[in-house]
Structure formats: structure tokens, C-alpha cells
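Welcome! Please take a moment to look over the sequence and the model shown here, and then we can walk through them together.

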Number of protein chains: 2
Amino acid sequence: MASPASNGVPAVNGSFDKSVDFANYFCTYAFIYHQKEMLSDRVRMDAYYNAIFNNKHHFAGKVVLDVGTGSGILAIWSAQAGARKVYAVEATKMAEHAKALAHANNVEDIVQVIEGSMEEVSLPEKVDVIISEWMGYFLLRESMFDSVICARDKWLKPSGVMYPSHARMWVAPVRSGLGDQKMNDYETAMSDWYSFVNDTEINYGVNMNVLSQAYREEHEKYYLKTSLWNSLHPSQIIGTPAVIKEIDCSTATVDEIRNVFANFLLPINVDRTRLSAFAGWFDVHFRGSMQNPVEQEVELTTAPSIDNSTHWGQQVFLLHPPLRVDVGDKLMIAFSMSRSRENHRLMDVNFTYELQLSSGKCFKPVARKYYIE
Amino acid sequence: MASPASNGVPAVNGSFDKSVDFANYFCTYAFIYHQKEMLSDRVRMDAYYNAIFNNKHHFAGKVVLDVGTGSGILAIWSAQAGARKVYAVEATKMAEHAKALAHANNVEDIVQVIEGSMEEVSLPEKVDVIISEWMGYFLLRESMFDSVICARDKWLKPSGVMYPSHARMWVAPVRSGLGDQKMNDYETAMSDWYSFVNDTEINYGVNMNVLSQAYREEHEKYYLKTSLWNSLHPSQIIGTPAVIKEIDCSTATVDEIRNVFANFLLPINVDRTRLSAFAGWFDVHFRGSMQNPVEQEVELTTAPSIDNSTHWGQQVFLLHPPLRVDVGDKLMIAFSMSRSRENHRLMDVNFTYELQLSSGKCFKPVARKYYIE
């Protein structure tokens, strides 16, 4: 046999299993190296740091809840900005490190680290601010915003504010050599498979060809249909990005984010180029609330950038085959995203795209299915 | 946040959870690419093929049970060797592919694929042969032999035979550059950590140093204490390998394999060299039973080899620091291996080694703990 460690894609059926979820999802966050990766993301750190310290009026003397505190950094900053009390909830053993860190930074009287899942812990009081860094790849991967919504509905005072307060998903048309690479990998894997089928028949008298179609599907999914992490260069964007989803963190419901649908237009604005993928990313804003706005608004964007790339990068959805496009052409997109049946923290994505040339010529719509793993 | 897929090391507590086990362990076997890797291991394939086809008297007209059939290859061979009936049990969706494969190879009337876990399925009759490829890294990783024992005690006729019938674990002293590499990686990671602590204090006013010890332990475990997969060259073995455990598959109990203890001697037989690791591997034999022996005995060994390496390779346990040794020196080893508290399919290993020089000089015993992940 000899199986390497699991790749974390459970083959269990649709039902939600807390232990499986812990094994597959939370356990990553119990490693300091993973916390360090997030703590080393300067764009992320600067955004939260500025959001807190440039808006101390939201924190001074207030009660704060940090959902998924990890190492405790946001809780400690909240305390340093003058919070009266900070409840820092963390599902993993990282909670112990957060406690040590709060102590070492002399805020142990203010920061109370609570080990447990947000859905299950009980706080002694309602809070003025909920702060959380809940964003996954392409915003909603990991489905962690569910826990923030739960915390908000249960523990935020009516006058309370959300940090961040708003979030948006973006899609843009891009050019990239990644698709050629992946197509090449896929074709190599398939030709290797057929040699294998041949060898197995000759050497061991068993014809494996009946599995070829399933092998092809497995590898199409892996190489061509699974979105890729990439830190794109801004010059790879060949059209005007579109906002495909806006979330008001103060009011959003789980129903509102469970399925995302959008119809939008992507105008190509680069001469004679190749559309080889769609890219997805997000931004969030710290604006406070209508009644209780920030003094200084802060933005955290994960858009392609030369100097300010993030650990989130962008998610790249490859097009096979790529399309020749020109400035003035436009793409009509019907987009949908829902949670994977097997793992509610992963996503199934559909892009249906229709190219309209500047000449007026329209191509037939093409539908493509992707997986965010 | 942005967490990649889990690395499969569950942070759940000791209790055995079937769904977690499925997500972490079985799901790998549901991918054809993983089956293909095993089916492409010529040493493995030849051993089972020869064991079956050179001992047809064990199969002709008999009832066979294949535990963890995967793609179904052993079941199909058993049918081709003349079995009257083959029950092929498989816990994953791979069962469907095994069915298709049996059909495509015209043995669908003989091979009955049963999707389910061995512990839970029911067979209509007792069997003459249990065949299974249950061996993990260093033999016992994955703890799959438990299921074979369960199958044997429940379904094997008293006169029945086990394929394979015997298994052994081996340990040898080796030289390798891997340890230097890993020590280097570890030191780089630690120096990077201290820069990070410094930067975080300067840029964000939080002192992370209290986590340094935990970070060090996390990285010691990852880089230095976790055994490594390697396909060693035979010339890297610098002493006489020792058998540290022998298993009779016809009689072994789970208690017998749950903890492995051994005291043994490793004589160095290479001039003035460096002992930088212990290597562990296994072999299995197909001998049938005392009452019902094979006609031709077959061996499957995963020892270091130039031409016959396997996908199991060897597990390498690094020594830090390495020891200068010479021909005539010997190592007294106290070895123990038990299942990880967090995941019963992973192993905790202890080596206590004591170097005795040919001059008679003895060094103090050194105890080292390792993890097979």
C-alpha cells in the first residue's frame, strides 16, 4: 500500500462532520509556521494594524471579540488600542500560544483567550466590535465567515461595528502561460497512463483500459479544472475587472454567501492578445457602520500587484483552449459558486462565457466547471 | 486566513473516529493515480503475481478473500489462477472501478467486489485464502494489518492460508547527506524566525519571542524528528542489518503489532565512516502454511537496492549529530515503536543507541524520538 498523508479532500458524504472538519481544516492553523506565514503578509498586517490604530475611538474603552484569533495578534492590537476587554476565540491549540503571547505583551488582563469553536463558546457580555480575519482564497473558501455571522448575531451589540465591514469579490480576464504548462502536464500524464495500460496487459495479463475514462476525468479535474494559486503581474490583466459580489458584513446572512451568482461583462482592453484564464480575488474595507463610521477608512486588496502582493494571491481558472481576443471585444459571463458537497469549506465554480467581438460577431456560450480545493 | 489543504495530521484527541479516519486515510486510495503508483511498482507486482501463479494449487477451485482490493488486481489474478470465488473488499469508491475492471477482464462471475470496511462486511462463506497487500512504510504504518487480522479470525477456514504468510521489519545503520540538508533547512527556518520576531516587534509593536521555543519544537519535529522516505543505495548501508520483528501472519494478533520492542546489535562493517541515520524497511514472504505450504516460495523485499527499489523505499531516522564510526565498532540499540496517540495509523518511534568502539570504549546511551507521519 503505502499512502502518503491525505490531501485533505475527504471522500465522506455530504453530511457535516465536526471531527472530520477539525482534522481537515482547523489543524493547519495549529501550526506556528502557518501563523507566521499570515503574520508575515505585510499587506494584511498593515491593513488590520492601520484599521485599528487609526480608528482608536472604536476600541478605546470598548469590548472586542476576535473570531479565530490564531496567534492573538488582532486581540493584542485591540488591547493596545485601548480596549477594556477583548475576547479572543480560537478553535485550535494555538489558543495556548495566544495566551502566552498576550501575557508576554502585558495585555493578559485585557485579552481573554477562549479555546473553543465560535458556535459553541459563551461570552459573559455583548461586544462593541467584532474583528476577524476570516477571508480565504477568493474570499469565501474555508466558509469561515459563517462563524463571524454566528458571532455577530449572537454577541454584537445593535450599535456594534464589524472589522472589516465590507467585502467584495472580483473577476478579471487574464493572459498566462500556466494553462499551457498544465495542459502539457495533463497530456504527459495521459500518455503515461496509456503506456501503463499497455505494460500491465503485457506483463500481468490484466487490461486496465476500462479505467482510462475515469483516469482522464481525475486528471482533468486535477490539472485543468482545479483553480490555481498565482500571484499575477498586473500586466497579465487584459480587461476591466468586475465586482461580482458585495458583502455588507453587518447584515450578510449565510444564505447570502452560500451560493454566489453573477452576470457581468468583461471588456477586453489589450490589443490582440490571448485570454487564457479568469482570475478571482477579493478586497475588504474597514468603514465601521453608518451610525458609527471609522475616522480613517482602510482597504485591504488582494488584486494583482507589483509591490503589494499577499499570501492570498489570486485564484486562476484556466480556459482550454484559450481565446484570441482584441481590444473592444467583450465577454458576457454567467458565474456561479457553491460549496462542495463533500466539504463545505471548498467551492464548486461555474463560468459560462460568451465572446462578443468588436465586429459584432458572437460566439456560442461555453460552460466550464471548476473546483477551488 | 487562507489555509492550504490539510496535511493530514489530525489534531483530534486520542479517540478513534471513523469519519476522520476515512477523510485522512482511505480517501487517498480512492484516486486512480495512487492505485497506478502501486500497480507500477514492478517489485511489488512481480512478487504477488509470482506468488499466485506459481502456486495455483492454493487458488484452483478455492475461495479467496482480498482485503483492501483497491483496483482489484489481486482478486482478478486469483480468479485467473482458477479460484472458484473471490470476495474483494474495498472501503473506498475504488470498489466501483474494481467491479468495472473485473468485468472488463471477464472474471465478473468469480470476483465479487464488496464496498465496505473489512470489519463490517459479511461474507456468505468462509475462505481458503486471504490475500492482501496491507504493508505501509516500515511495514506497520497505516495499521492496515489490523483489518487483515480481523478478516482472518472471522473468515479464514482453519486449513486456510495467508498471502503473504510472514513479514519482517529490518533496521540498518546508514550514511547519508540527508541529515546535513535537513539540519541546514532547520537552521535557516530558525534564523528566519528570529528575523520575523524582530520585524514584528519593530513594525507592529508585538513581541513574538515567547513563541520561539514552541516554533523550535515544531520545526525540530518537522525537519529532524520526522522519518524521511528515501530510496537508499545499498552502499549507504554501513553495517549488518538486523531483523527487529517477525510476524507470522497466520497467528499474529493486534496486541502483538500494536507496540514493537527490540534490543539488537548493529555491527559497523565499513572503514572510517559516518553514521548519520538508521534506516528501516521490511520484507514479506509467501510460504503458505505448515499444513499447506506453497510450491514455490516468493519474497518481496523493500531493502535498499540498485535495480529493485520499490515505492515503499526506506524510512530514514536521522541522527544529530552524526557519529564517527569504524569497522569493528558496534551499536547496541533499544528500539520501540507504538501508534501515535492522535492518529493510530501513524507511529512514534524511539531509538536508544550506545556506541561501543572496537577499542572497548563505550559511549553513553543516547535516546532519540521520531515520528512516522
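This is a predicted model: local features need pLDDT of at least 70, side-chain atom pairs count only at pLDDT 80 or more; totals for chains, interfaces and linings use all residues.

Let us begin on the inside. In soluble globular proteins, nonpolar side chains tend to be buried together. Here the largest nonpolar core has 116 residues. Which residues have the most contacts inside this core? They are L65(A) and F335(A). If you pick out F335(A) and set aside residues up to four places away in sequence, you will find that F335(A) touches F138(A), I244(A), V260(A), F261(A), A262(A), F264(A), V349(A), N350(A) and F351(A).

Next, turn to a sheet in chain A. This open sheet has four strands, in the order β9-β13-β14-β15, and their pairing is antiparallel. Where are its edges? The edge strands are β9 (259–267) and β15 (366–372) of chain A, each of which pairs on one side only. From one strand to the next, the twist averages 20 degrees. Look now at β9(A) and its partner, strand β13 (residues 330–339) of chain A: the two pair in the antiparallel sense over nine bridges. As one place to check this, P267(A) stands opposite K330(A) in β13(A).

Staying with the sheet, find Q356(A), which is in strand β14 (residues 347–356) of chain A. Is Q356(A) buried or exposed? Its relative accessibility is 18%, so Q356(A) counts as buried, the cut-off for buried being under 20%. Leaving aside neighbours within four places in sequence, Q356(A) is in contact with D329(A), K330(A), M332(A), K361(A) and C362(A).

Now move over to chain B and look for helix α2 (residues 32–39). How many of its eight residues are buried? Six are, and the helix is mostly covered. The buried residues of α2(B) are I32(B), H34(B), Q35(B), K36(B), M38(B) and L39(B). What covers them? The cover includes parts of both chains: α7 (178–204) and α8 (212–225) of chain A, together with α3 (42–53), α4 (73–80) and α5 (94–104) of chain B.

Charged pairs come next. Over all chains, a search of the whole structure finds 31 salt bridges. One of them joins K93(A) to E115(A), with the closest N and O atoms 3.4 Å apart. This pair links distant parts of the chain, 22 residues apart: K93(A) is in the loop between β2 (85–90) and α5 (94–104) of chain A, and E115(A) is in strand β3 (residues 111–115) of chain A. E115(A) counts as partly exposed because its relative accessibility is 36%.

Chain B has a salt bridge between K93(B) and E115(B), where the closest N and O atoms are 3.4 Å apart. Here K93(B) lies in the loop between β2 (85–90) and α5 of chain B, while E115(B) lies in strand β3 (residues 111–115) of chain B. Back in chain A, salt bridges that share partners join K93(A), E96(A) and E115(A) into one network. K225(A) forms a salt bridge too, with E220(A), and their closest N and O atoms are 3.8 Å apart. K225(A) is partly exposed, at a relative accessible area of 31%, and E220(A) is partly exposed at 23%.

Finally, visit two residues of chain B. D283(B) has its place in strand β10 (residues 273–288) of chain B, and D283(B) is buried, with a relative accessible area of 2%. Which side chain does the side chain of D283(B) meet in a polar contact? It is that of W170(B), at 3.0 Å. Beyond four places in sequence, the contacts of D283(B) include H166(B), R168(B) and E299(B).

The other residue, T251(B), lies in the loop between β8 (242–248) and α9 (254–258) of chain B. From C-alpha to C-alpha, T251(B) and I149(B) are 8.5 Å apart in space, although they are 102 residues apart in sequence. Not counting residues up to four places away in sequence, T251(B) touches R152(B) and E256(B).

How values were computed. Residues are numbered from 1 along each chain as its sequence is written. Chains are lettered from A and ligands numbered from 1 in the order in which they are written. Side-chain values use heavy atoms; hydrogens and water are left out. Buried means under 20% relative accessible area, exposed over 50%, partly exposed in between (1.4 Å probe, protein chains only). Contact means heavy atoms within 4.5 Å. A salt bridge is a side-chain nitrogen of Lys or Arg within 4 Å of a carboxyl oxygen of Asp or Glu. A nonpolar core is a set of buried Ala, Val, Leu, Ile, Met, Phe, Trp, Tyr and Cys residues joined through side-chain atoms within 4.5 Å. Two strands pair if DSSP finds at least two bridges between them. Axes are lines fitted to C-alpha atoms, for helices over the stretch in contact, and angles run from 0 to 180 degrees between N-to-C directions. A polar contact is a pair of N or O atoms within 3.5 Å; within protein, one must be able to donate a hydrogen and the other to accept it, and residues adjacent in sequence count only if both atoms are side-chain atoms.
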